[in-house]
Amino acid sequence: MELRIYATTQMNDKMAKTASLTAGLVAKKGHASPAVLHDEAERAGTKTAATCYYKALTVKLDRERYESLKSLGVRLDKKSQEIFVEALDLWIKEASLGKGQTRA
């Protein structure tokens, strides 16, 4: 037994025709891109040479630091990851410069 459902619609002359949805509108897997492109030059300064390799790291923060991080991220339009990488780079640079000094 075959079930067939037919639907009919009446179009008024005043109604606009809807856009056709075809397979050409759907990106193939791995080839999708955002509709709105961000200025990559702005974020280029935060990119490091280690973009090919990453290691996940969990950082536990108290509520005050977490909220500060998130609110700064919104204000600066930066992800938490970017803020952490910049801060870590500065800390490593500072720590390596003070390597020869002893603590009192």
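User: Before anything else, how are buried, partly exposed and exposed defined here?

Analyst: Buried means under 20% relative accessible area, exposed means over 50%, and partly exposed is in between (1.4 Å probe, protein chains only). This is a predicted model, where local features need pLDDT of at least 70 and side-chain atom pairs count only at pLDDT 80 or more, while totals for chains, interfaces and linings use all residues. Residues are numbered from 1 along each chain as its sequence is written, and side-chain values use heavy atoms, with hydrogens and water left out.

User: What makes the E82 side chain and the backbone nitrogen of K79 a polar contact?

Analyst: A polar atom of the E82 side chain sits 2.8 Å from that K79 nitrogen. A polar contact takes a pair of N or O atoms within 3.5 Å; within protein, one must be able to donate a hydrogen and the other to accept it, and residues adjacent in sequence count only if both atoms are side-chain atoms.

User: How many helices and strands are there overall?

Analyst: Three helices and zero strands, in the order α-α-α. Helices (H or I, at least four residues) and strands (E, at least two) are DSSP runs, numbered from the N terminus. Of the 104 residues, 6% count as buried.
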